[in-house]
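Hello,

Please find the model below. My notes on it follow.

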Amino acid sequence: MKRFAASVRTGFALTWKKETNWGSPASWIPWMLIRPVAGAMILWLMAGAAGNPAGFLAPAWFGNAAFQFVPIALGGMAMTVIEDRERYQMFKYIALSPSGVVPYLAGSALARSVFSALGVTVLVATGLFALNLELPQVRPLALALSGILGLVAVTSLGLAIAGIALHVARHGDLMAESIGGVFFLLSGAVFPIDLLPVWVRPLAFASPVTWWLESLRRSVGLSFNRVLSPVPDAAILGILAGFAVLCVVLAGVVWSLSLRRARWRGLLDTTTAG
Amino acid sequence: MTALGRNLRAIRARAWIRVVAANRELSWLLFDTLLPALATAGYIFVYRALGAPAAYEAYVVLGGVMTAFWMNVLWGMAAQFFWEKDMGNLDIYMMAPISRMSILLGMAVGGMLGTAMRSTVILALGLVVFRIRFEVSGLAAAAGIFLLSLTALYGLGMMLSSLFLLFGRGAQRWATVAQEPVYLVSGFYFPLRDLGFPLAAASASLLPLALGLDAIRQTALGPGTGFLPVHVETAALAALAALFLLCARRTLQAMESRAKREGSLTLKWE
Amino acid sequence: MDSAIRTADLTRTFRKPAGRGLPPSEFRALDGVTLDVRPGELFGLLGPNGAGKTTLIKILCTLLYPTSGLVEVCGLDVVRDCERVRERINMVSGGEPSGYGLLTIREQLWVFSQLYGLTTAAALSRIDRMIAQYGLAKDAGTRINRLSTGMRQKMNLIRGFMTNPSVLFLDEPTLGLDAHIARHARGFIREWMAEDRTRTLLLTTHYLAEAQDLCDRVAIIHDGQVKACDTPANLIAAHRGGAVYEVSLAGLNGAAESLRATPGVTVSGLATDAARGSTTLRFTLPDDSALPAALQSFCSLGGKVLNLSKHQVTLEDVFVAIAGRSLGTDGENA
């Protein structure tokens with residue numbers, strides 16, 4: 001257990017250092033604030049360009065704020081795998097350490113989540129106090145439960161994707177952005193999934209992020225997806241819990257199979273520059 | 001072999017690496033082409049949710065196409081000196097009797113395979129799935145402006161690469177930080193003029209992407225929401241292209257000299 | 001051109017930024033280095049890690065500016081005429097990976113040949129010949145990320161040789177290679193030099209046997225300064241240490257310390273054989289008359305001498321006399 005905790009700490013500390021450019025505050029404060037704010041500003045300007053129709057900005061803004069976690073949770077561990085393997089060439093040493101890769105990646109994911117959380121906080125505060133957007137009815141318990149279950153689900157998926165990253169070339173460092181983009185489309189982060197073609201909707205329903213965002217919105221009294229409105233709040237939360245369990249199991253299976261296969265193929269210390 | 005011949009060979013060889021590596025690890029087709037195209041589609045749905053006119057959806061498609069080139073310039077070219085350093089190849093390039101701009105150009109040309117594929121997929125998505133229509137009469141002019149924008153953009157990328165040469169990881173972090181702000185001030189997903197005159201003017205003066213995209217939108221989609229008249233934007237783009245290419249050579253030399261003085265040129269694993 | 005490489009009073013300092021509670025400081029990696037390497041020479045820079053060898057090579061290869069002093073390669077100033085210098089040089093480093101993992105050996109070499117303007121036909125013909133010559137023919141189509149360290153280093157050597165530079169720099173070319181591959185690599189270096197007598201090669205190493213075996217002349221570099229420069233034979237002949245002895249002792253701890261405390265004695269090697277319970281010491285005396293005092297130093301501790309022999313002075317002994325310490329790596333790479 002001690003070894004596990006030490007490995008988590010190492011993953012956290014190293015990722016924190018890397019993300020903050022080895023501790024330079026001048027680099028990490030803008031990183032924390034500018035990126036998510038600029039992204040949200042795009043949304044705000046798009047809404048403004050279209051005349052700011054009623055009922056759009058609040059659920060879209062807060063959905064976008066929560067979505068900040070998604071690309072990082074999904075792609076962050078994969079980025080760590082690729083960076084440590086190709087750039088620092090340290091991945092093989094982590095893989096052969098007694099505690100293995102998972103706690104190290106968990107620490108790394110935790111560090112990135114802290115950054116995301118800072119961004120989310122800034123966006124929520126901007127929405128509430130600068131744009132005067134309202135959260136009609138906040139239910140703290142449901143909000144906390146939704147938040148935790150959703151994070152468990154997406155972080156587990158992130159581990160599965162890190163497993164796939166073991167078999168992907170270094171251009172996979174764009175994985176976070178790319179995979180985030182798919183969930184951005186499918187999960188109704190900034191537009192209702194009602195707009196998706198009927199044949200794409202099953203994919204949206206199969207995404208835990210869809211249920212996570214829906215559950216979060218409902219726990220603050222916002223609604224966005226008409227297609228999900230017949231489903232009661234408790235059922236949404238139940239589906240999210242089911243996804244969380246499924247994602248944990250899936251992550252365990254995919255990660256261990258991927259790691260075994262990567263060992264067999266000799267990919268733990270490969271470089272794939274081009 | 002003349003210096004020109006040597007540099008042309010260097011460009012070809014560096015581009016060739018990209019093409020071969022891309023063909024040997026096809027995962028980029030998914031992560032660098034298909035998935036980013038889907039993200040662009042997300043912004044189209046935002047306009048649909050907002051009930052915006054169809055022209056706005058076309059804005060998003062053209063913005064998505066230009067994003068692909070910006071990503072190639074930033075990560076496929078400017079940041080590459082930083083990667084090459086860590087892979088142990090920068091020494092080899094730096095002591096070879098060739099211009100640094102040839103290596104950068106080689107990377108950019110090689111990266112065009114992926115970039116062209118990504119932008120084609122986004123364009124196809126717009127035309128086929130979202131049924132976006134462009135004004136055929138303006139397409140030739142749009143293509144000309146697009147080429148001019150690319151020249152300026154790659155000049156800017158070469159200038160940026162000198163920062164990567166000197167500041168390494170620091171530059172990489174800043175480039176990551178600047179990604180969304182660049183999307184914002186370039187008006188990738190909305191008309192540039194919606195930024196307000198001061199910010200739009202500042203952006204147009206620094207980022208060829210902003211000017212180029214605005215001019216292309218005006219020629220391919222019809223006037224109405226442009227920031228400046230097309231001929232003004234085209235002239236400004238030409239000026240930026242010349243300026244950036246000239247400055248790129250200077251800044252590369254200056255930053256290389258500084259890196260050699262400070263001993264950071266071959267410093268690895270920052 | 002009188003000199004292939006010439007440096008005069010070359011100094012290079014690095015600034016260390018301020019740390020936690022520490023003010024900024026300067027580190028002098030090269031301190032007044034003066035060297036003159038003649039065309040056609042295989043010149044060795046011998047020194048321990050951190051002696052300044054790689055810094056010197058980087059300056060000569062135009063990758064780093066000198067802080068002060070004169071530096072010329074092929075009669076050209078490496079700062080002012082760097083582009084013309086680059087047309088005439090190449091460099092290979094040992095122990096550091098380079099290249100693109102997804103390319104094969106043959107492709108990789110072709111890419112780098114293009115930076116020097118070789119036509120594809122000429123490059124491929126040269127590459128194929130050298131690949132065969134260096135025993136890589138059956139691996140020519142293997143991707144770089146699947147190569148062993150030895151194969152990778154052979155490829156790197158071909159990269160340096162194939163562009164036919166007037167001056168080639170090899171920075172620790174056999175670092176991390178096993179004795180067999182290292183011997184092969186030294187063979188390649190000799191062959192390449194023999195092909196054209198105008199070629200100049202500067203090699204850095206901390207393997208004494210390598211320097212003694214390959215180099216026409218050797219400069220011993222330590223703490224950024226050239227301490228001695230001559231042919232290995234002349235350096236040995238000029239060695240004033242006198243006599244070199246090797247003694248094997250049974251079960252005696254503290255023999256080395258006792259010997260070191262004896263005036264005029266320099267210990268240059270120590271090996272223990274745990275299975276036999278013996279210790280072997282190599283030491284230098286000013287002359288044979290000092291031997292009884294040296295023997296007394298461990299006999300007085302109750303040690304039993306198993307064997308005592310007198311040896312020829314080697315470059316290792318010269319290095320110890322000059323640097324005051326052993327490189328301790330001679331045997332690793334023989």
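Predicted model: local features only at pLDDT ≥ 70, side-chain atom pairs only at ≥ 80, totals over all residues.

In chain A, the axes of helix α1 (residues 2-19) and helix α6 (residues 102-130) come within 6 Å and cross at roughly 45 degrees. Axes here are lines fitted to C-alpha atoms, for helices over the stretch in contact, with angles from 0 to 180 degrees between N-to-C directions. Helices are DSSP runs of H or I with at least four residues, numbered from the N terminus.

Residues are numbered from 1 along each chain as its sequence is written, and chains are lettered from A and ligands numbered from 1 in the order in which they are written.

Residues that meet across the two helices include A:Phe4, A:Phe12 and A:Trp16 in α1(A) and A:Tyr104, A:Leu110 and A:Phe115 in α6(A) (contact: C-beta atoms, placed from the backbone, within 7 Å).

α6(A) has 29 residues and spans 40 Å from first to last C-alpha, close to the expected 42 Å (1.5 Å times one less than the number of residues). After α6(A) comes A:Asn132, with a positive phi near 55 degrees.

Between the chains, the contact takes 39 residues from chain A and 41 residues from chain B. On the chain A side, α2 (25-49) and α8 (175-186) each give two or more residues, and α2(A) has the largest share, 14 residues.

Regards
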